[in-house]
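Biologist: I have just opened this entry and would like to learn how to read it. Could you walk me through it with me?

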Amino acid sequence: PPTGSVAELLKKDKTFKIINNKLNKFIDTDKIYRSYINCFFPKENPYFHIDKDKGTTVLYYANLEKYELDEGGETQFLLEEIKGVRPVPGRIVLFDSNILHKATSFRSKNRYTVAFKYD
């Protein structure tokens, strides 16, 4: 079953323009097929998934508060073992869309990311 909430992000939105313009140094931003804001509520338990067989996923960690280690909220990647990326505010992570991954929620607050999906 689905977890979290999603709000689509349009190309005309200021947030889209700012982040997408920064990404054009690293990726062909003309190949975008979707962008949206994810919100996971405290103590939700999202599932591992892949985004697409081919392409690149970009996550921007949009929470403003200082990151607290015991709060959780990392993105976990299943490689040889599970590796996590901490959701430090302002951090951007790029990865192959076919890597099995999942969000983890914070203990006591909402967790926000802005996701960009490219072919």
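Biologist: How many bridges join β2 to strand β8, and in which sense do the two run?

Modeller: Please keep in mind that this is a predicted model. Two strands count as paired if DSSP finds at least two bridges between them. Here, β2 and strand β8 (residues 111-118) are joined by eight bridges and run antiparallel. To find one spot in this pairing, look at Cys39, which stands opposite Tyr112 in β8.

Biologist: Which strand pairs with β1, and over how many bridges?

Modeller: Strand β1 (residues 5-8) pairs with strand β2 (residues 32-40) over four bridges, again in the antiparallel sense. Within that pairing, Val6 has Asn38 of β2 as its bridge partner.

Biologist: What is the order of the elements along the protein chain?

Modeller: Reading from the N terminus, the order is β-α-β-β-β-β-β-β-β. That gives one helix and eight strands.

Biologist: What does the radius of gyration tell me about the protein chain?

Modeller: It can be set against the value for a compact globule. With 119 residues, such a globule would have a radius of gyration near 14 Å, and the protein chain agrees because its own value is 14 Å. The C-alpha trace spans about 35 × 30 × 25 Å along its principal axes.

Biologist: What share of the residues is buried?

Modeller: Buried means under 20% relative accessible area. In the protein chain, 39% of the 119 residues are buried.

Methods. Residues are numbered from 1 along each chain as its sequence is written. This is a predicted model: local features need pLDDT of at least 70, side-chain atom pairs count only at pLDDT 80 or more; totals for chains, interfaces and linings use all residues. Side-chain values use heavy atoms; hydrogens and water are left out. The radius of gyration is taken over C-alpha atoms; the globule rule is 2.2 Å times the number of residues to the power 0.38. Buried means under 20% relative accessible area, exposed over 50%, partly exposed in between (1.4 Å probe, protein chains only).
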